[in-house]
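Work through the exercises below with the sequence and the 3D view open. Try each task before reading its solution.

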Amino acid sequence: MIFSSIEFLLFFLPLFLLAYVLTPEKIKNVTLLSGSLIFYGLGEPKYVLLLMASVVVNYFFGLSLGRGVKQRGSETYRKKLNRKRKTVLAAALILNVGLLAAFKYGAGGLRMPLGISFYTFQIVSYLLDVYRGDQKREISFMTMATYITMFPQLLSGPITYYGEVREALYEREFHARGVEEGLKVFTMGFAAKVLLADRIGLLWQDVQVRGFESISTQLAWLGAIAYSMKIYFDFYGYSLMAVGLGRMLGFRLPENFRNPYMACTVREFYRRWHMTLGRWFARYVYIPLGGNRKGEFRTSCNLLAVWFLTSIWHGNTPNFMIWGMLLWLAIVAERQLDALGILKHFMKGPGRVISQLYLWTFIPITWICFEITDMEQLQIYLGRMFHVMQGINVAAGDWKNALTDYGSLLAAGAFACTPALQKLFRRFKDNVLVTLLLAVLFWICVWRLEVEGQNPFKYLDF
């Protein structure tokens with residue numbers, strides 16, 4: 001089950017909210033945990049037991065890791081206790097990361113359980129925080145299980161630290177105002193998915209149907225731009241829907257996107273894109289390796305480690321490694337330009353336009369490397385983009401026809417990539433007319449789902 005489905009919107013969510021409203025405050029976690037397991041079971045019934053087994057095992061890992069974090073006693077006793085905790089942490093990481101790797105790369109052809117990447121990242125963050133003493137261990141199994149399985153962020157994030165929701169897990173503000181605000185945010189994400197991601201994605205589908213050998217250079221670039229918008233509005237839409245659902249239930253989930261296409265550098269782009277994944281790698285990989293504190297060469301190596309892990313997390317085909325290494329090279333180059341004092345001249349005034357053009361050119365190229373898993377087809381597509389590979393039966397003016405069919409959608413997508421729409425939403429979301437417009441927008445999206453069917457979120461595959 002996914003958020004942008006009739007089953008979720010018209011059946012699961014209303015029934016769950018009714019049960020949630022009727023549940024006394026002290027046992028709302030019981031309803032949330034039960035509803036989350038039902039939600040997961042409806043979409044992934046054979047892996048519900050795996051999810052719960054993971055919760056149980058890691059609950060006890062957390063208890064063990066939190067025992068004696070600030071223990072007093074003799075130095076010998078404390079050293080012995082620390083060795084034990086290190087052993088437990090190593091076992092926990094091997095089990096969690098090993099299970100994820102097994103499904104991603106060698107589980108005998110079994111389909112990867114939905115959400116395993118994201119709930120594994122949350123589990124690992126909790127265990128590491130408890131081990132380091134940044135977070136107290138959770139004694140309540142119900143609270144811990146609710147944190148891991150909470151359906152708004154179970155399948156594709158945002159990746160939420162336990163400390164960000166711990167207080168709300170014990171005492172949350174659940175009221176009609178929060179439900180209304182959450183529903184409005186959810187509707188914006190719903191529209192981003194159904195009216196932008198899915199519709200703009202049709203241009204990318206058309207390009208694929210034509211065959212990469214048979215498209216003009218101009219259409220190849222339009223296809224790359226369309227895919228760049230599709231994946232953005234798909235994942236951004238999901239994240240907004242998740243944040244909206246969280247708000248409806250009394251939680252404030254972290255922001256996952258912040259107008260990435262308004263960035264001027266690749267570094268800045270990925271500080272604004274999938275922000276919760278970026279901060280996870282920074283907190284648990286980049287900074288422990290030394291971050292930027294040990295010289296430029298070491299910093300480049302640390303960044304390489306982060307992007308290598310990011311690449312293999314997304315997939316095991318060579319295209320993901322090409323994608324990750326392109327981004328790493330760009331970030332390292334930008335750091336060198338920054339150190340020389342060159343980059344600052346391109347961050348303001350006319351130089352900012354040049355830097356944004358660089359970003360808008362480079363990022364679509366990397367997204368093509370991300371999307372096309374067949375290396376031969378990737379080579380053909382890039383060859384057509386840069387007009388270095390001969391086309392076959394290329395229709396003259398194919399790009400003009402594409403602009404005729406999709407130009408208005410691309411323009412709407414470009415506008416939605418700017419902060420303008422968000423500013424308008426924040427300013428007028430409480431206006432009665434805007435509330436009515438959002439209600440109409442919601443039902444338009446439902447109608448589109450009825451007519452065209454649901455289109456799964458891209459990041460459910462990861």
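## Exercise 1: the largest pocket

The largest pocket has a volume of about 1100 Å³. This is a predicted model: local features need pLDDT of at least 70, side-chain atom pairs count only at pLDDT 80 or more, and totals for chains, interfaces and linings use all residues. Residues are numbered from 1 along each chain as its sequence is written, and side-chain values use heavy atoms, with hydrogens and water left out.

**Task.** Find the residues closest to the centre of the largest pocket, then sort its lining by class.

**Solution.** 
1. On a 1 Å grid over the protein atoms alone, a pocket is an open set of points with protein on both sides within 12 Å along at least five of seven lines; a cavity is a set where a 1.4 Å probe fits but cannot get out; lining residues have an atom within 4 Å of a point. Points are joined across faces, edges and corners, and the volume is the space filled by probe spheres set on them.
2. V185, M188, Y236, L240 and F425 are the closest to it, out of 34 lining residues.
3. Trace the elements. Two or more lining residues come from each of α8 (176-210), α9 (217-249), α16 (398-416), α17 (420-428) and α18 (432-452). Helices here are DSSP runs (H or I, at least four residues), numbered from the N terminus.
4. Sort by class. The lining has 24 nonpolar, four polar and six charged residues. Ala, Val, Leu, Ile, Met, Phe, Trp, Tyr, Cys and Pro count as nonpolar, Asp, Glu, Lys and Arg as charged, and the others, Gly among them, as polar.

## Exercise 2: the second largest pocket

**Task.** Which helix gives the most to the lining of the second largest pocket?

**Solution.** 
1. Start with volume. The second largest pocket has about 590 Å³.
2. Locate the centre. Of 26 lining residues, Y270, R271, G278, V306 and W307 are the closest to it.
3. List the elements that give two or more residues: α10 (266-272), α11 (275-289), α12 (296-314) and α13 (318-339).
4. Pick the top contributor. α11 gives the most, with eight residues.
5. Check the classes. There are 15 nonpolar, six polar and five charged residues in this lining.

## Exercise 3: salt bridges

**Task.** How far apart are the closest N and O atoms of R177 and E181, and of E268 and R272?

**Solution.** 
1. Side chains of opposite charge can pair when their charged atoms come close. A salt bridge needs a side-chain nitrogen of Lys or Arg within 4 Å of a carboxyl oxygen of Asp or Glu. The structure holds 20 of them.
2. Take R177 and E181. Their closest N and O atoms are 3.1 Å apart. The two lie four residues apart in helix α8, so about one helical turn separates them.
3. Take E268 and R272. Here the distance is 2.9 Å. These two are four residues apart in helix α10, again about one helical turn.
4. E268 and R272 are both buried, whereas R177 is partly exposed at 35% relative accessible area. Buried means under 20%, exposed over 50%, partly exposed in between (1.4 Å probe, protein chains only).
5. D430 is partly exposed, at 43%.
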